[in-house]
Amino acid sequence: MDLLNAIVALANFVLIPATAYGAQLALGALGVTIIYGILRFSNFAHGDTMAFGTATVILVTWGFQGLGIGLGPLPTALLALPVGIALTSLLVLGTDRAVYRFYRKQKAAPVILVIVSMGVMFIMNGLTRFLIGVDEINFDDGTRFIINARDFKEATGLAEGLALRSTQVITVVTAVLVVAVLFWFLNRTRTGKSMRAFSDNEDLALLSGINPERVVVYAWLIATALATIAGTLYGLDKTFKVFNYFQLLLPIFAAAIVGGLGSPVGAIAGGFLIAFSEVGVTYAWKKVAGYALPEGMEPDGLLQLLSTEYKFAVSFVILIAVLLFKPTGLFKGKSV
């Protein structure tokens, strides 16, 4: 029974939260890697694109709730998500036309575009704060739990309860569906194949008659959709606060670089690697060890390497290690 309690505690506090968090990071990292693969620069405004997209979803959600429109046991935010993606896409495409397009025509170096994206980041951050404020917002409605800890204890007779939130299941299911559609689009459609060709060899793609501006538009649209979906799932699973998305930029970039910038598969793998590393290093393993170890050998300390306040430090250390020893990442993306 103690071993079963250890497994339940491990699943409850490490496996399930890290899987949901990893799915969110993977979607965010996919957006970063698509922009890098097409436009050849690291978009530092990606985190605030997630924040703006989530803010629009929240505002539309409140509008639907005011009209009495909902999805029953599912969060109303899922109904508002397509509207949020559309509104955020208008802002991002407008930003591309007003800002990035000029530097593309000038054939500016990638580092210039990185600096420009930092300016866009601050503007989008201020716009989002003006739009929705700076307070924490919980916009998850509908059914809270699929498995309740108390009911689980009563059903199994175990001392440790298992809680599975609906937002965690929604996150994983949505991520699987989005990734499946994205890979189908990139590998099966003519536009997706042109994007892959443009990413692999821009000059050869231009000689083949591929319209570069069309490829750029689709890249921004896909990255914006991924950012809005990832941001909304993150906000539903936790809470929404604008500054949190600015902080989330570090693990998202770490995930994209660890997996290999420009590699969609690498972005997914990197997202889960970063998530499990952050959760595993900052979790206090005393409870799991107390169940798993023989009686009398229970640890006195928390068995926690770092407190949760330092979870982003884990991403930073992994990012530095990859940049120093394997800059192309696990799946041999483009060198950073």
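## Isoleucine 320

Isoleucine 320 counts as partly exposed, at 34% relative accessibility (buried means under 20% relative accessible area, exposed over 50%, partly exposed in between, with a 1.4 Å probe and protein chains only).

## Ground rules

This is a predicted model, where local features need pLDDT of at least 70 and side-chain atom pairs count only at pLDDT 80 or more, while totals for chains, interfaces and linings use all residues. Residues are numbered from 1 along each chain as its sequence is written, and side-chain values use heavy atoms, with hydrogens and water left out.

## H2 against H4

Two packed helices are described by the angle between their axes and the distance between the axes. For H2 (residues 46-66) and H4 (residues 110-132), the axes come within 9 Å and cross at roughly 20° (axes are lines fitted to C-alpha atoms, for helices over the stretch in contact, and angles run from 0 to 180 degrees between N-to-C directions). H2 and H4 are therefore roughly parallel to each other, a label for angles under 35 degrees.

On the H2 side, the contact is made by Asp48, Thr49, Ala51, Phe52, Ala55, Thr56, Ile58 and Leu59; H4 brings Met121, Met124, Asn125, Leu127, Thr128, Leu131 and Ile132 (contact means heavy atoms within 4.5 Å). Sort the residues of this contact by type and you get ten nonpolar, four polar and one charged.

## The buried face of H7

In helix H7 (residues 190-200), the buried residues are Thr191, Gly192, Ser194, Met195, Phe198 and Ser199. Viewed down the axis of H7, they fall within an arc of 160°, so they line one face of the helix (the arc is that of the directions from the helix axis to the C-beta atoms). They pack against H1 (2-39), H6 (166-188), H8 (202-207) and H9 (212-237). Over on the other side of H7, Arg190 and Asp200 are exposed.

## Positive phi in two loops

Arginine 40 sits in the loop between H1 and H2, and its phi is near 65°, a positive value in a residue other than glycine. At 25% relative accessibility, arginine 40 counts as partly exposed.

Leucine 303 belongs to the loop between H12 (286-292) and H13. Leucine 303 isn't a glycine, yet its phi is positive at about 55°. With a relative accessible area of 43%, leucine 303 is partly exposed.

Conventions: Helix = DSSP H or I, 4+ residues; strand = E, 2+ residues; numbered from the N terminus. Parallel < 35°, antiparallel > 145°, perpendicular 65-115°, else oblique. Nonpolar A, V, L, I, M, F, W, Y, C, P; charged D, E, K, R; others polar.
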